[in-house]
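Please examine the sequence and the three-dimensional model shown below.

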Amino acid sequence: MKNINNSNFAYLIGNFMADGSFYKTERGYRFEFVDGSPYDKELRYSLNHILTIKRILENFLGKKLRGIRKRGNRFVLSFREKNLAELFIKYLKLQPGDKSRIIDIPTIYKNSVYEKDFWVGYLDGDGSIARKSRRIAVESMSKGIIESFANYLIKNKILFSKYESKRGKEVSYIILIRSVSFRDFAKKIGFIHPLKARLLDQKLKDKDFFVKNNIKIRGGIIEYNKIFNDTIFVENGRELLVKYGDKKYHRSNVKFNEIILLMRKRGIKTEKILKELNKYRFKKSKGSKNSVRLPLFFDKDMLKIGKFVRIRDGGISFSKNYINSFNENFSEILRIVENVFDIKPIYTCKNEPIFCSGVLKDFFNTIINRS
């Protein structure tokens, strides 16, 4: 048998941890590798995957193995091999029997050049990629292997979330990788399994796969005079007109641009104009009931809001799943928006929060690029 320090064997052991079994019978040690699908049209991918496992084993063992059998919607590679069993026990510290709660990455591959190969093999077995949504998941009864995989993701700067799932007395451990990290996952780990690799590739080609906000401004006073047009009104803006000498205007709410124009005629500099306007509330139309306050400076809270905001008709909203993808607190983001702009959200029938303000829509439409 060849040396176990190689990419193919590390991949094989990763796949064994997920979908392999090793046990002792009266006739000796027995191994099984399994892969299947609930969909008949996808079974060919499972067969190709098991054929890959078979080729790796035959190359490693230096001999041909028995054929692959089909059991229902699964393909099974089953064989006996005393020497391989001794290698598992002596060098990999893997004992025959139920391993579901105790599996982990063998020390020989941890933090080695072959660690990636191990995890690709493991994910080709226990990893799943949703067909109708955008998430990659891995679930195990073994807390050890989930913790090890989490550490590997952290080391490679791939964002994920981790939690426990209880089903009666049983507990399983789950890692979720959402679409925000799909490109990093594909580049640094990925799948070899023909079906999972195909599904990931399809999602990466989707035009609407992942939209990221890029903020155009950083720090300093926000120059609203370069952002808003004449459709924005200042609530009680007549006070400023009167203050700077225009006493003819009789309506309480005044167009944003009219105030700026008058103050500039009076020789007021832009910074002072913005500071004066910062004391007032803004709304999209003079009769609108929804008004907001606007911050004077662009700070870290504004950057965080801009990172996650989604533009909607008549306002802005936020996706809980998208925010969770960055391991950020969804409720905290909503609280920041409420505090910064002094506005409360309303909730749709799908429990989506929407901050109804045309001012906020126009503002974020201007300061972010979506790519």
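Does Asp 313 count as buried or exposed, and why? The model is a predicted one, and in it Asp 313 has a relative accessibility of 77%. Since residues over 50% are classed as exposed, Asp 313 therefore counts as exposed. Asp 313 sits in the loop that joins strand E14 (310-312) and strand E15 (315-317). In space, its C-alpha atom is 8.0 Å from that of Gly 358, although 45 residues separate the two in sequence.

**The chain as a whole**

The chain has 371 residues, of which 48% count as buried. Its secondary structure consists of 14 helices and 18 strands. The radius of gyration is 30 Å, whereas a compact globule of 371 residues would have one near 21 Å. Along the principal axes, the C-alpha atoms fill a box of roughly 105 × 40 × 40 Å. Among contacts with a separation of 6 or more, 66% are between residues 24 or more positions apart. The chain exposes about 19,700 Å², and carbon and sulfur atoms supply 48% of this area.

**Confidence**

The average pLDDT of the chain is 92, and 98% of the residues score at least 70.

| Element | Residues | Mean pLDDT |
|---|---|---|
| Strand E18 (lowest) | 368-370 | 79 |
| Helix H4 (highest) | 115-126 | 98 |

Where pLDDT is low, predicted coordinates should not be read in detail.

In general, the strands of a sheet pair through backbone hydrogen bonds, in either a parallel or an antiparallel manner. Here, four strands in the order E1-E2-E4-E3 make up an open sheet with antiparallel pairing. Strand E1 (20-25) and strand E3 (69-71) each have a single partner strand, so these two stand at the edges and one side of each has no neighbour in the sheet. On average, neighbouring strands of this sheet are turned by 30 degrees against each other, direction ignored.

E1 pairs with strand E2 (residues 28-36) over six bridges, in the antiparallel sense. Ser 21 stands opposite Glu 32 in E2.

Which strands does helix H2 touch as it packs on the sheet? Helix H2 (residues 43-61) touches E2, E3 and strand E4 (74-80), and its direction makes about 20 degrees with that of E4. Helix H3 (residues 82-90), for its part, lies across E1, E2 and E4 and runs at about 85 degrees to E2.

Definitions and conventions. Residues are numbered from 1 along each chain as its sequence is written. This is a predicted model: local features need pLDDT of at least 70, side-chain atom pairs count only at pLDDT 80 or more; totals for chains, interfaces and linings use all residues. Side-chain values use heavy atoms; hydrogens and water are left out. Two strands pair if DSSP finds at least two bridges between them. Axes are lines fitted to C-alpha atoms, for helices over the stretch in contact, and angles run from 0 to 180 degrees between N-to-C directions. Contact means heavy atoms within 4.5 Å. pLDDT is the predictor's confidence in each residue, from 0 to 100. The radius of gyration is taken over C-alpha atoms; the globule rule is 2.2 Å times the number of residues to the power 0.38. Buried means under 20% relative accessible area, exposed over 50%, partly exposed in between (1.4 Å probe, protein chains only). Accessible areas come from the Shrake-Rupley method with a 1.4 Å probe; for residues, only the protein chains shown count as cover.
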